[in-house]
Amino acid sequence: MPVRRARDVIERFVRPVRGVEKVALRAALGRVLAEDVISPISVPAHDNSAMDGFAFAGAQLSPDHPTKLKVIGTDFAGRPSGLRPGPGQCLRIMTGAVMPAGCDTVLPQERAEGIEDDCVTIAPRSVRTGDNRRLAGEDLMAGRPALVAGKLIRPADLGLIASLGIAEVAVRRRLRVAFFSTGDELRSVGEPLAQGCVYDSNRYTLFGMLTRLGCELVDMGLVKDDPAALEAALRDACHSADAIVTSGGVSAGAADYTRDIMARLGDVAFWTIGMRPGRPMAFGRIGADGREAFLFGLPGNPVAVMVSFYFFARPALLRMMGADAPADLLVQACSAEPIRKRQGRTEFQRGVLSIAPDGKREVRITGAQGSGILRSMTEANCIVVLPDERGNVAAGEPVEVLLFEGLV
Ligand code: AMP
Ligand code: MG
């Protein structure tokens, strides 16, 4: 199963959750907007000055001679003088002050040719009619959508909503995601490590990635490689969550009962995906006692679980959250060194993106790329995405990378 097709299938299969709640503006950060935000007002509400300077009617500017205007008062932001300059007159004006009646132009203070006691001299062609004036509604127009449903709310959006004087917004309810690790060899942090065992790290990377996505988490701990235990855990998860993310137990070598149980509980596909790391994956929908949940059965290897999460589970979970799933914003960089790559599969190699001395973006692979080497993830700041058709990469050749910043 090619990566692109698996992503398509998943995207078409999942559905957004329906619940909506009203939250105070600050609590909306990281949530998904459930309804369009329509501007109740225009922002700015009035034409105002973009600079500290002098406001006047631009029609009296001469293209050939200096224009001399008498300063009859000062308008401050939020404190208008109420004066209306006549011909040959102007007002001192501060940034953000409402444009005085009859004025359409602002000469920035530093562009004045001369400023005497109560007069300002404007050199020919130093300012044009309409300059340095912000128009009412140029940011947001009353009655128009300022933000559209489906937007994942970021700091700028909080400010924008505040600029409209809106204190509460409708957001989708949080997505509830249950997750657990499978494997007899796994031990939880805090337990002694018996011979041949490893600590369960996947539950921590999953915790981090799901938390950053803004999900409500149900940590179901460790589940033994035991059919009854796995079935009980999956049934339980259907009750508490919209989506279930598991790690381990889906590879060809893993016990076949995983497949049987998941198939018995619902509609689950088992894929061998043309990618590295992260070949095996299960995806589908399972149910128990009338409650259903989407299932992401991710591979067990610590790097594979992260890569599979980012490229398959994350876009699907965003869609379930009601968010417009953003396309992967891949950035081009030159590979600093040759990279070995096999054609016919997608490779996700961990890289460090930096700016070379010549100012160009350069990426370097973080050493050994084994799917169990989690260090390769912590040392990286991006994933180098090498598509199916690509073969070996020579030093200096361009490649595409997905930056962790904004992703994790
Ligand atoms: P599996 O997919 O269950 O065959 O696991 C593949 C490899 O990943 C094995 O070496 C497991 O020990 C390891 N592994 C599976 N789950 C975890 C986990 N939660 N934390 C760390 N390593 C894991
Ligand atoms: Mg296992």
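**Charged patches and domains in a predicted model**

Arg 340 is exposed, because its relative accessible area is 77% and the cut-off for exposed is over 50%. Keep in mind that this is a predicted model. Arg 340 sits in a loop, the one that runs between β22 (330-335) and β23 (346-355). It also belongs to a positive surface patch, formed together with Arg 276, Arg 279 and Arg 342.

Which residues form a negative surface patch? They are Asp 184, Glu 185, Asp 225 and Asp 226. Take Glu 185 from that group. Glu 185 is found in the loop between β13 (176-182) and β14 (186-187). Its relative accessibility is 36%, so Glu 185 counts as partly exposed; that class lies between the 20% and 50% cut-offs.

Next, a residue in a helix. Is Ala 237 buried or exposed? Ala 237 has 0% relative accessibility, so it counts as buried; the cut-off for buried is under 20%. Ala 237 is part of helix α4, which covers residues 227-240. From the C-alpha atom of Ala 237 to that of Arg 350 is 32 Å, and the two residues are 113 apart along the chain.

Last, the domains. The chain is divided into domain 1 (3-16 + 174-320), domain 2 (20-43 + 138-172), domain 3 (48-134) and domain 4 (330-403). Note that domain 1 and domain 2 are each written as two stretches of residues. How many Å separate the centres of domain 2 and domain 4? Taken over C-alpha atoms, the separation is 38 Å.

That is the end of my part.

Notes:
Residues are numbered from 1 along each chain as its sequence is written. Chains are lettered from A and ligands numbered from 1 in the order in which they are written. This is a predicted model: local features need pLDDT of at least 70, side-chain atom pairs count only at pLDDT 80 or more; totals for chains, interfaces and linings use all residues. Side-chain values use heavy atoms; hydrogens and water are left out. Patches are made of residues with over 30% relative accessible area and no salt bridge: like charges are joined within 9 Å, nonpolar side chains (Val, Leu, Ile, Met, Phe, Trp, Tyr) within 5 Å. Accessible areas come from the Shrake-Rupley method with a 1.4 Å probe; for residues, only the protein chains shown count as cover. A salt bridge is a side-chain nitrogen of Lys or Arg within 4 Å of a carboxyl oxygen of Asp or Glu. Lys and Arg count as positive and Asp and Glu as negative; His and the chain ends are not counted. The place of a charge is taken as NZ of Lys, CZ of Arg, CG of Asp or CD of Glu. Helices (H or I, at least four residues) and strands (E, at least two) are DSSP runs, numbered from the N terminus. Buried means under 20% relative accessible area, exposed over 50%, partly exposed in between (1.4 Å probe, protein chains only). Domain bounds come from an automatic or database domain assignment.
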